[in-house]
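Dear colleague,

I am passing on the structure we spoke about, and I would be grateful if you could look through it alongside the notes that follow.

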Amino acid sequence: MDLLRHKKMAAGRGFLDDQFLIAMPGMKDDRFTRSVIYICAHSDEGAMGLVINQTQQMLFPDLLVQLGIMNEQEAIRLPAQARDFVVRNGGPVDRSRGFVLHSGDYRVESSLAVSDDICLTATVDILRAISSGRGPRHALMALGYSGWGAGQLESEIAENGWLTCPANAELLFDTDIERKYDRILASIGIDLAHLSLAAGHA
């Protein structure tokens, strides 16, 4: 993906990198209603992120079998942590492609540092590592991603489609997916009932 390749080569960070993007109540695109997106790459060329609070029906062991990483018998014997690893819906683009956001204690050559302690890896090596208990301390996996062209995300934010705030690793990686939207809003002192649908400040 061009944006990720560009980020790997560039020294600086985009101003929305490592930020939560929180869908406002007036979000026009139903696919993003009540969604929280973690921004992995942002530049003049556009932005790329992963929805972190929508789950897939596919289970992690099923994915490993589908990718040929292990057979069904091996998948049954996975440790509980890998067996219960939730696969999320990262966004509407390229849904057959997997991405793992994870803590910086695990890095391979293809890992992309989003912040000082959060990386993105999109190779099967990390899936093998997670399945064998050698993976990162904290991780979340998503199929598909959310992408914006040049200036598109900035326009949507200006039109009050999104609220942004610095990401918090604890809220990013915890497994309480159902309440993540409300909890992230609460963490920045915002009550959903008080959010304005009109452009301006919340």
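Which residue is the bridge partner of V87 in β9? In this predicted model, the partner of V87 is M141, and that bridge belongs to the pairing of strand β5, residues 86–89, with β9, which is parallel and extends over three bridges.

Strand β9 itself covers residues 139–148, and nine of its ten residues are buried, so that the strand is mostly covered. Strand β6, residues 93–103, lies antiparallel to β9 and is joined to it by six bridges, with G98 bridged to L143 of β9. Strand β3, residues 46–51, likewise runs antiparallel to β9, although here the pairing rests on three bridges, and M48 has G147 as its bridge partner in β9.

Within the chain, confidence is highest in β3, at 97, whereas helix α1, residues 2–9, has the lowest, with a mean of 57.

With best wishes

How values were computed:
Residues numbered from 1 in each chain as written. Predicted model: local features only at pLDDT ≥ 70, side-chain atom pairs only at ≥ 80, totals over all residues. Heavy atoms only, no water. Buried < 20%, exposed > 50% of the residue type's maximum accessible area, 1.4 Å probe, protein only. Helix = DSSP H or I, 4+ residues; strand = E, 2+ residues; numbered from the N terminus. Pairing = 2+ DSSP bridges. pLDDT = per-residue confidence, 0-100.
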